[in-house]
Amino acid sequence: MTNSFARASFAFQAGTDAPRTVEDRSTTFRPVQGGDQMQSGEHLLVEAYAAIWIVLFALILLGWRRQRRIDARVTGLEAALAQARAEAPAKKKAEAS
Amino acid sequence: MAAALALPCRTAMTEPRRAAVSDRASARARTFDGIFYGLLGVTAICTIWTIHAIFLKAPTEATMGIVQKIFYFHVPIAYSMYLGATACFVGSAGYLYNGKQGWDSLARAGAEVAVVMGLLVMITGPLWAAKAWGVYWTWDPRLTTQMLSVLLYVAYLVLRLFTGDGDAERRFAAALGVLGAANLPIIHFSVQKWGGTHPAVITGKGGGLTDPAMVSTLMFGFLSFTLFSIVLLWSRYRIDLSSSRLADLEQEALELGIGED
């Protein structure tokens with residue numbers, strides 16, 4: 001099919017046996033049989049590989065960010081609690097007096 | 001991070017004792033951090049070497065061509081899913097036995113790893129199948145049981161995400177984590193018992209890897225993804241423990257009348 005298309009194209013450019021109407025230049029696109037087997041192994045491999053690393057790195061990055069956020073909150077709360085505990089006896093004393 | 005592994009302490013303590021406990025917890029947390037980052041470094045090196053081996057050392061397979069190289073990470077990822085699911089089973093059983101936070105965190109981390117690895121198996125497998133079988137998916141026993149297992153662990157995570165964090169919910173999830181493990185041997189032996197189109201490459205007779213470079217690449221794949229699973233498990237376990245510690249602190253802050261910030 002490709003060769004006949006190329007010949008027609010060459011003939012058209014050369015001016016010999018040139019098609020006169022649009023319909024004369026029509027061609028048919030037919031799929032090859034067993035199209036699934038024509039898939040590129042390289043593409044499939046790259047797709048699989050990309051999927052793995054995108055998912056794993058996204059998981060690691062999101063986990064790391066979440067851990068940092070929680071750590072910051074824990075540190076802040078611990079400091080606030082330590083301060084509150086330190087101030088608690090003085091407060092009690094002040095309330096008692 | 002130092003505070004993350006410190007155990008919640010609800011009992012009344014004097015200030016010096018509290019400080020001593022906190023120091024010990026911080027020192028222990030720093031040691032764990034060192035081990036964790038060391039493990040992360042080893043995992044990175046192994047992973048880079050595995051990538052190198054897959055693309056530059058392992059020969060291209062004669063019949064399937066380059067797409068066969070998916071095998072070197074598809075199989076180790078499937079094995080990593082088993083590791084995650086096993087951690088979920090152990091954590092769930094431990095929680096049902098003694099109800100401690102650590103076991104529950106392990107179960108949850110294991111389920112997360114099982115879902116991620118299971119989804120990766122279900123992405124890489126069909127890409128290989130597209131070339132080898134001419135279709136992305138077929139209702140083969142191995143594929144079907146694998147999908148069921150992934151759905152089970154997705155159900156576990158959905159349950160944990162959308163229900164409360166009370167003991168009853170945790171116990172229900174733990175029961176699911178224990179029962180979910182029953183499907184693992186079914187996945188493993190489905191090829192031998194029910195046939196189907198999925199190959200059984202690794203068998204007691206040595207499997208279908210004839211070239212030593214192919215075997216060593218697969219072994220590196222197993223090593224890398226084992227380490228990767230441990231790192232992921234540990235990381236998710238730490239996050240869950242930290243979240244639990246945060247919840248305890250928030251409760252204590254509320255009791256002491258400390259504001260949101």
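Guide: What follows looks at one helix and then at its surroundings.

This is a predicted model, where local features need pLDDT of at least 70, side-chain atom pairs count only at pLDDT 80 or more, and totals for chains, interfaces and linings use all residues. Residues are numbered from 1 along each chain as its sequence is written, while chains are lettered from A and ligands numbered from 1 in the order in which they are written.

Take helix α2 of chain A, residues 41-96. Helices (H or I, at least four residues) and strands (E, at least two) are DSSP runs, numbered from the N terminus. Chain A has two helices and zero strands. Helix α2(A) has 56 residues, and at 1.5 Å a residue these should span 82 Å. The expected span is 1.5 Å times one less than the number of residues. The end C-alpha atoms of α2(A) are 81 Å apart, which agrees.

Now look for a bend. α2(A) has a kink of about 35° at A:Ala88, shortly before the proline A:Pro89. The bend is the angle between axes fitted to the seven residues ending at a residue and the seven starting there.

Which residues of α2(A) are buried? They are A:Gly41, A:Leu44, A:Leu45, A:Ala48, A:Ile70, A:Val74 and A:Leu77. Buried means 20 or more other C-beta atoms within 10 Å of the residue's own; exposed means 12 or fewer; partly exposed lies in between; the C-beta atoms are placed from the backbone. In chain A, 7% of the 97 residues are buried. For contrast, go to A:Phe29, in the loop between α1 (2-14) and α2 of chain A. A:Phe29 is exposed, because 5 other C-beta atoms lie within 10 Å. From A:Phe29 to A:Ala94 is 65 residues in sequence and 92 Å in space, C-alpha to C-alpha.

What do the buried residues of α2(A) pack against? Their partners are α3 (101-132) and α7 (212-256) of chain B. Between the chains, 27 residues of chain A are in contact with 34 residues of chain B. Contact means C-beta atoms, placed from the backbone, within 7 Å. The side of chain A that touches chain B has 13 nonpolar, six polar and eight charged residues. Here Ala, Val, Leu, Ile, Met, Phe, Trp, Tyr, Cys and Pro count as nonpolar, Asp, Glu, Lys and Arg as charged, and the others, Gly among them, as polar.

Chain B has seven helices and zero strands. Of its 261 residues, 37% are buried. The largest nonpolar core holds 55 residues, and B:Val113 and B:Met117 are among those with the most contacts inside it. Such a core is a set of buried Ala, Val, Leu, Ile, Met, Phe, Trp, Tyr and Cys residues joined through C-beta atoms within 7 Å. Elements giving two or more residues to this core include α2 of chain A and α7 of chain B. The largest share, 16 residues, comes from α3(B). A second, separate core of five residues includes A:Ile70, A:Leu77, B:Ile239 and B:Leu249.

Finally, confidence. pLDDT is the predictor's confidence in each residue, from 0 to 100. Chain B averages 85, and 88% of its residues score at least 70. Over residues 1-12 of chain B the pLDDT is below 50. Where pLDDT is low, the predicted coordinates should not be read in detail. The model scores ipTM 0.70 and pTM 0.78.

Definitions and conventions:
Two residues are in contact if their C-beta atoms, placed from the backbone, lie within 7 Å.
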